[in-house]
Amino acid sequence: MKRQIYQGQCSICLAKNQDLTEDHVPPKGVYLRPTLKQTHRLKRFGSHDKKPGKRINGGLRFPTICRNCNNVLLGAKNDPELIKFCKNIHTHFFNSNGTGVLRIPFDGHKIARSVIGHIFAAHAINDESKETIINTGEADNLLRNYLLNEGIEFPSDWQLFCWPYYSKNNTQVILKSFTMADLSNVTGGDSWYCHLLKFYPVGLFLTYKMPFRAKMNNDLIGLFEITPTSDSNGNAYFEFNRIPHDLFPENPQGSLIILLYDKFTSSTSPQTPVTLK
Ligand SMILES: [Zn+2]
């Protein structure tokens, strides 16, 4: 069967009347497992649907970006760094037995651009009308401008956090355009805008105007900040005894809440459990 080609606007560079290509979220290559032959169950967060979820083969794909954004901007320029970062974390998971401190070198700009690109591509198509839904809010435009223009600074109100992530079911989570709030502070609570990609072995969390004091919340204290700076190459240090629980942030604890739109969110897990090797 010939795969249907959608025509429309690219959700990353906004070029109109493009042949839209399928973006893999997360990108191919970070999958240490599962394989393309494997069946996954796809569910929307927050939906009341009790069904086991839609079957998909392999990873999640979204026909929402033009060929140039897919093959050049993400595939050639930025994804290889995210893939390398994930492979390093995976290797250390086994060598360290999940204890101690991990030191992983990384190029923050490339990882950030890869994450932003896949966030824009994910769930950027209306299931019924097949029209692209584009993130064009002010905060997201700051990210788009940064993604498309090499050499400019990472937008100052955004931060990027990550942590080693492992779930028994090998669940992958995409939460796009959601709000997180910490209701516990004395002035009546803080809220901030976020995007999240989570798949073995890493959680990647973009936050906009997250107040510094919110970072003191127990659930957030184990996040490692990898926001790119002018010196883009750095080392990420993870302390295994401080990483967030495996359902963070979609099942917040204590005084944290999240607000999300189910059409911009999903979780997938393989139908048959995956053993890591
Ligand atoms: Zn494009």
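Does Arg213 count as buried or exposed, and how many C-beta neighbours does it have inside 10 Å? This is a predicted model, in which local features need pLDDT of at least 70 and side-chain atom pairs count only at pLDDT 80 or more, while totals for chains, interfaces and linings use all residues. Residues are numbered from 1 along each chain as its sequence is written.

**View 1. Arg213 and Lys209 in the loop between β10 and β11****.** Arg213 lies in the loop between β10 (202-208) and β11 (224-225), where strands (E, at least two residues) and helices (H or I, at least four) are DSSP runs numbered from the N terminus. Arg213 counts as exposed because it has 12 C-beta neighbours inside 10 Å; a residue is exposed with 12 or fewer other C-beta atoms within 10 Å of its own, buried with 20 or more, and partly exposed in between, the C-beta atoms being placed from the backbone. Although Arg213 and Asp182 are 31 residues apart in sequence, their C-alpha atoms are 9.7 Å apart in space. Lys209, in the loop between β10 and β11, is partly exposed, with 13 other C-beta atoms within 10 Å, and has a positive phi of about 55° although it is not a glycine. Most residues other than glycine have a negative phi, and most peptide bonds are trans.

**View 2. Helix α2 and the residue that follows****.** Helix α2 (residues 108-121) has 14 residues and reaches 20 Å from its first C-alpha to its last, close to the 20 Å expected at 1.5 Å a residue, a span defined as 1.5 Å times one less than the number of residues. Because 14 of the 14 residues of α2 are buried, the helix is largely enclosed by the rest of the structure. His123, which follows α2, has a positive phi near 55°.

**View 3. Strand β3 with its partners β4 and β14****.** Strand β3 (residues 39-43) runs antiparallel to β4 (residues 54-57), and four bridges join them; two strands pair if DSSP finds at least two bridges between them. In this pairing Arg41 stands opposite Arg55 in β4. Four bridges also join β3 to β14 (residues 265-270), again antiparallel, and here Lys43 stands opposite Ser267 in β14.
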